[in-house]
Amino acid sequence: MVMKLPYLGSCLFLVFFSLVSIVASGSGKGLPILSFDEGYNQLFGDDNLVIHRDGKAVHLSLNERTGSGFVSQDLYLHGYFSASIKLPADYTAGVVVAFYMSNGDMFEKNHDEIDFEFLGNIRGKNWRIQTNIYGNGSTSAGREERYNLWFDPADDFHHYTILWTASHIIFYVDNIPIREFKRTAEMGGDFPSKPMSLYATIWDGSDWATNGGKYRVNYKYAPYVAEFSDLVLHGCAVDPIEFSSKRCDGTQSWEQLTTSITPSQRSKMDSFRRKHMTYSYCYDQTRYKIALPECVINPREAERLKKFDPVTFGGGRRHHGKRHHHMRASRSEADSI
């Protein structure tokens, strides 16, 4: 069932044609940072959610009793959503921190989702980052990509951004685009197209998050605390009951945004993906005998990913001898990404 949204035409027109310059730098500078009470509600976790700095920072913790999370007060149809996040340190295997958009509580069978997921690791190995996209309940066709980072995300705060428009989605890390996902006719309804809320959570993903569940959360290192600050909700807000536009204006801040990636940004994105991407659904021959329709296969990328998992990406037999190690880059490498 496709729900008709009466505000859709005017809202999309304003969003699409008024996004013109801040995100060209990827920074979102000048966009309003909301305090927790202005833009969010606690989702779960009781006192495992703690507000700091007069509402400008939020700590989410996971312990043996529960994880925690918060959700935006409004639903949004497209926009720019970001946060500075510092992840837990030390042994974090099995821990999942998520910063994502979803409408799963409203559309159980045809929900949309846009995910940043941070996957913990054993001591001595860094967190990994995963992005994923679902549209219209297409959970059987996950569009995951997984990456290493050029820094330790537990050392300090780093900036993570989702830009969502009617035509494409861009994920940014520290203002560097790491993934661009374009809507295609072949995808049909698999592109996220219904209003979504923004969520942030920390939870126990022991069954799958670290080496397919080999390493689980060890609660002797609890509580695991994820810190969030500089929260930006900048989009077309809609009423959750009437699905009519609450706030989709053509103010100066909307006119400062753009949906394009500059040549310099594209070069950095290509470099990031060459150096740090370790998994892409487009090359997963175990899950998909035929690549999903939006995939553009790059032979060099296909060959590189085989080093990480020859069974998944090449159909070969797994070797248990010499293993390929992906070296972690230094922080200064961000300038050359």
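1. Burial first. Buried means under 20% relative accessible area, exposed means over 50%, and partly exposed lies in between, with a 1.4 Å probe and protein chains only. By that scale Glu303 is partly exposed, because its relative accessibility is 48%. Lys306 is also partly exposed, with a relative accessible area of 30%.

2. Basis of the note. The model is predicted: local features need pLDDT of at least 70, side-chain atom pairs count only at pLDDT 80 or more, and totals for chains, interfaces and linings use all residues. Residues are numbered from 1 along each chain as its sequence is written, and side-chain values use heavy atoms, with hydrogens and water left out.

3. The sheet. Helices (H or I, at least four residues) and strands (E, at least two) are DSSP runs, numbered from the N terminus. Two strands pair if DSSP finds at least two bridges between them. Eight strands make an open sheet, ordered β1-β4-β13-β6-β7-β8-β9-β16, with antiparallel pairing. β1 (40–44) and β16 are the edge strands, each pairing on one side only. From one strand to the next, the twist averages 15°. The axes behind such angles are lines fitted to C-alpha atoms, for helices over the stretch in contact, and angles run from 0 to 180 degrees between N-to-C directions.

4. Inside the sheet. β4 (residues 68–72) and β13 (residues 197–204) run antiparallel and are joined by four bridges. Phe70 stands opposite Ala200 in β13. Phe70 also belongs to one aromatic cluster with Phe36, Tyr40 and Phe228.

5. The disulfide. The criterion is a pair of cysteine sulfur atoms within 2.5 Å. The count is one disulfide. Cys282 is joined to Cys295, S to S 2.0 Å. The link of Cys282 and Cys295 is left-handed, with -85° about the S-S bond. Both cysteines lie in the loop between β16 (277–280) and α5 (299–306), so the pair ties together parts that are 13 residues apart in sequence. Cys282 is buried at 14% relative accessible area. Cys295 is buried, at 14% relative accessibility.

6. Aromatic pairs. Rings of Phe, Tyr and Trp (its six-membered ring) pair if their centres lie within 6.5 Å; planes under 30 degrees apart count as stacked, over 60 as edge-to-face and the rest as tilted. The count is 17 aromatic pairs. One of them is Phe118 with Tyr160, edge-to-face, at 4.8 Å centre to centre and 75° between the planes. That pair links distant parts of the chain: Phe118 is in β7 (residues 113–119) and Tyr160 is in β10 (residues 158–164), 42 residues apart. Phe118 is buried at 1% relative accessibility, and Tyr160 is buried at 0%.

7. A stacked pair. Phe181 and Phe191 are stacked, at 6.1 Å centre to centre and 10° between the planes. Phe181 lies in β12 (residues 176–182) and Phe191 in the loop between β12 and β13, so the pair ties together parts that are 10 residues apart in sequence. Phe181 is buried at 4% relative accessibility. Phe191 is buried at 0% relative accessible area.

8. Charges over rings. The test is NZ of Lys or CZ of Arg within 6 Å of the ring centre and within 35 degrees of the ring normal. The charged end of Arg146 sits over the ring of Tyr279, 4.8 Å from its centre. The charged end of Lys194 sits over the ring of Phe107, 5.1 Å from its centre.

9. Salt bridges. The criterion is a side-chain nitrogen of Lys or Arg within 4 Å of a carboxyl oxygen of Asp or Glu. The whole structure has 12 salt bridges. Among them is Arg123 with Asp90, whose closest N and O atoms are 2.8 Å apart. Arg123 is in the loop between β7 and β8 (128–134), and Asp90 is in the loop between β5 (75–86) and β6 (95–102), 33 residues apart. Arg123 is partly exposed at 49%, and Asp90 is partly exposed at 45%.

10. Lys194 again. Lys194 forms a salt bridge with Asp112, closest N and O atoms 2.9 Å apart. Asp112 is in the loop between β6 and β7 and Lys194 in the loop between β12 and β13, so the pair ties together parts that are 82 residues apart in sequence. Asp112 is buried at 0% relative accessible area. Lys194 is buried at 9% relative accessibility.

11. Back to the helix. Glu303 and Lys306 meet in a salt bridge, 3.0 Å from N to O. Both lie in α5, three residues apart, about one turn of the helix. Elsewhere, salt bridges that share partners join Asp46, Asp47 and Arg65 into one network.
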